[in-house]
Amino acid sequence: MNRAIFIDRDGTLIEERGFIKDPQQVELIPGAAEALRLISSMGFLRIVISNQSGVGRGYFDRDSVEAVNRRLRELLAEEGAGLDDILYCPHAPDEDCMCRKPRPGLLLEASLRHSIDLKRSYMIGDRDSDIGAIASVGGKGVLVLTGYGEETWRRWRWGHRPDFVARDVLEGVYWIMRREMKEGEILLDEELLKMLVCPKCKGELVVREGGLLCRGCRLLYPIEGGIPIMLPEEAKTIEEVSDG
């Protein structure tokens with residue numbers, strides 16, 4: 001069966017704009033395209049799962065949602081990235097549907113469409129409903145601090161806690177990569193190395209003794225046991241390495 005990394009749309013892949021209906025409002029969050037390219041290189045499907053209750057509330061129609069989704073795909077294509085599918089729930093919260101996160105309806109639909117093993121898949125999002133949805137089917141959840149993520153994390157009091165809290169979607173994908181490498185599911189090779197960028201400034205990385213050096217901010221990310229540790233707090237400046 002296939003595996004997927006499910007991604008929330010608003011606040012995770014694109015900047016949060018409330019009930020967005022104008023395609024011109026779509027702006028990619030920095031690192032989003034890089035994250036999707038890396039997901040594909042790791043062998044996962046890239047599927048957006050989104051609550052779009054603005055339809056059910058009467059703020060806009062399905063055509064508006066589709067127009068925003070087309071713009072998202074266009075912006076990603078300009079950066080050499082893409083998505084394998086986009087599924088969304090159009091219902092208002094009081095309609096008590098099965099497809100609105102944290103209920104798993106859309107995940108189950110995606111699983112049927114693409115033959116996905118949900119228990120070995122992941123979800124990245126900025127709300128507790130994202131974490132609850134993937135937890136309900138046995139997968140792992142990553143909370144990002146973009147969008148409503150910081151507010152979500154501050155008020156977290158109930159339900160399934162995320163398996164990891166990331167600054168943004170790119171750092172979330174790096175955590176998944178590290179976890180998969182530890183379990184031997186994927187290996188670091190030249191093609192995967194080409195997909196990596198600095199999680200801090202999104203700059204180009206080059207291989208140096210001891211790790212991966214960012215050409216932009218000059219941080220050196222260590223490689224331990226063949227696994228890149230792509231967290232800024234684990235990196236050293238090139239000056240620190242030289243002094244050592």
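Here are a few questions and answers about the pocket and salt bridges of this predicted model.

Residues are numbered from 1 along each chain as its sequence is written, and side-chain values use heavy atoms, without hydrogens and water. In this predicted model, local features need pLDDT of at least 70 and side-chain atom pairs count only at pLDDT 80 or more, while totals for chains, interfaces and linings use all residues.

Q: Which helix gives the most to the lining of the largest pocket?
A: A pocket is an open set of points on a 1 Å grid over the protein atoms alone, where a 1.4 Å probe fits, with protein on both sides within 12 Å along at least five of seven lines; lining residues have an atom within 4 Å of a point. Here 20 residues line the largest pocket. The top contributor, with three residues, is α4.

Q: How many residues apart in sequence are the parts that arginine 3 and glutamate 185 tie together?
A: These two side chains meet in a salt bridge, meaning a side-chain nitrogen of Lys or Arg within 4 Å of a carboxyl oxygen of Asp or Glu. Arginine 3 lies before β1 (4–7) and glutamate 185 between α6 (169–182) and α7 (190–195), so the parts they join are separated in sequence by 182 residues.

Q: Is aspartate 168 buried or exposed?
A: Buried means under 20% relative accessible area, exposed over 50%, and partly exposed in between (1.4 Å probe, protein chains only). Aspartate 168 has 9% relative accessibility, so it counts as buried.

Notes. Helices (H or I, at least four residues) and strands (E, at least two) are DSSP runs, numbered from the N terminus.
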